[in-house]
Amino acid sequence: MDPISDPPFEEAYKNLLNKTQNNSNDFHNGIEKFAVVEERELPMIDLSRLENEDEMVREECKFEIAKASQEWGFFQVINHGIPKDIFNKLKSEQEKVFKLPFDKKTKEDKFLQFSSGSYRWGTPSATCVGQLSWSEAFHILLKDVLGSSTQSNTLRSSIEEFATISSNLAQTLADILAEKMGHDSTFFKDNCLPNTCYLRLNRYPPCPIASPIHGLMPHTDSDFITILYQDQVGGLQLVKDKKWIAVKPNPNALIINIGDLFQAWSNGVYKSIEHRVVTNPKIERFSMAYFLCPSNDTVIESCKKPSLYKKFSFQEYRQQVRDDVQSLGSKIGLPRFLLF
Ligand code: OGA
Ligand code: NI
């Protein structure tokens, strides 16, 4: 691996890392809030059943999706209809773009015609080592990519292809979850347009530091639904019954998780669960995530009364998250909007 392509984590976080070595409490407060890790299978759902001619089979599949969203906030799907080829193409473009020299990546926004600030690394706001993320990402607003096709650029065309097909899957899942709450609504189709959604390309460089460091600090996603494709390295963990659960990679499965907005919309029925990535000392890891997001002015309001949460626009939600990250080092999220 070309060392110049890695962000300068050790240099930038020298003080935080030194402080940690001198004070292991600081570290444990950060990274080990929950008891340690078990490896468990996420609920596995075969989506081919949604096409079955037998209504009972289709309903059983929908029931499992809703149940997993309530009990885990996370599940895996197979036979999801997204050809392997689409991931493979994007994955190889992803590897290429991250291999560019670090200097170039920080200026990549313009070069790739993404909005400025698309390339991110580390955690500029970290105040303790538990808030540090040993990773880099392109966080791409799909408006910047979709429809601008004379896609001679293969990264952009692979993103477009992946986003278009992921958007269909995300809409299907959102509609099923709404239906299971007794709402046959067009809310998601009307408000989560392909160009209001985001795609995130993540890279987790090997981390040479001996003490455990997050690849991605614990967080919940600020969207309705996330579709995640990960490689075979592993490192994704989520909280279940107050324990961290390690998700075993499965080359045929996509991981689906509920985000904060769906938790608010469903009045707490579907759970937006904290998750994180732990680093690997030797092997780099890649993942890509599609985030089903509404337009900024969309108001998110619980579909059941009495509501647990104040209603808010997506814009307000994002602003609150940004303010909290800036002033506290990490996101508070939905608890900010609790009514009681
Ligand atoms: C994210 C995320 C997990 C992973 O990008 O929000 O949780 O495995 N990624 O990269
Ligand atoms: Ni996430």
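Reply: Proline 306 sits in the loop between β14 (299-300) and β15 (312-313). The model is a predicted one.

The ligand site comes next. The shell around ligand 1 has 13 residues, and Tyr204, His219, His275, Arg285 and Ser287 come nearest. By type, the shell residues divide into six nonpolar, four polar and three charged. For tyrosine 204, a polar side-chain atom lies 2.7 Å from a ligand oxygen. In aspartate 221, a side-chain N or O atom is 3.2 Å from an oxygen atom of ligand 1, and for arginine 200 the corresponding distance is 3.5 Å. On its own, ligand 1 has 290 Å² of accessible area, of which the protein covers 96%. Two or more residues of the shell come from each of β6 (198-204), β7 (214-219), β12 (275-278) and β13 (285-292).

Two loop residues other than glycine have a positive phi. Asparagine 79, in the loop between β3 (74-78) and α5 (84-99), has phi near 50°. Its relative accessible area is 47%, so asparagine 79 counts as partly exposed. Lysine 242 has phi of about 65° and belongs to the loop between β9 (236-240) and β10 (243-247). Lysine 242 counts as exposed because its relative accessibility is 65%, and the cut-off for exposed is over 50%.

Technical notes. Residues are numbered from 1 along each chain as its sequence is written. Chains are lettered from A and ligands numbered from 1 in the order in which they are written. This is a predicted model: local features need pLDDT of at least 70, side-chain atom pairs count only at pLDDT 80 or more; totals for chains, interfaces and linings use all residues. Side-chain values use heavy atoms; hydrogens and water are left out. A residue is near a molecule or strand if one of its heavy atoms lies within 4 Å of it. A polar contact is a pair of N or O atoms within 3.5 Å; within protein, one must be able to donate a hydrogen and the other to accept it, and residues adjacent in sequence count only if both atoms are side-chain atoms. Accessible areas come from the Shrake-Rupley method with a 1.4 Å probe; for residues, only the protein chains shown count as cover. Helices (H or I, at least four residues) and strands (E, at least two) are DSSP runs, numbered from the N terminus. Ala, Val, Leu, Ile, Met, Phe, Trp, Tyr, Cys and Pro count as nonpolar, Asp, Glu, Lys and Arg as charged, and the others, Gly among them, as polar. Buried means under 20% relative accessible area, exposed over 50%, partly exposed in between (1.4 Å probe, protein chains only).
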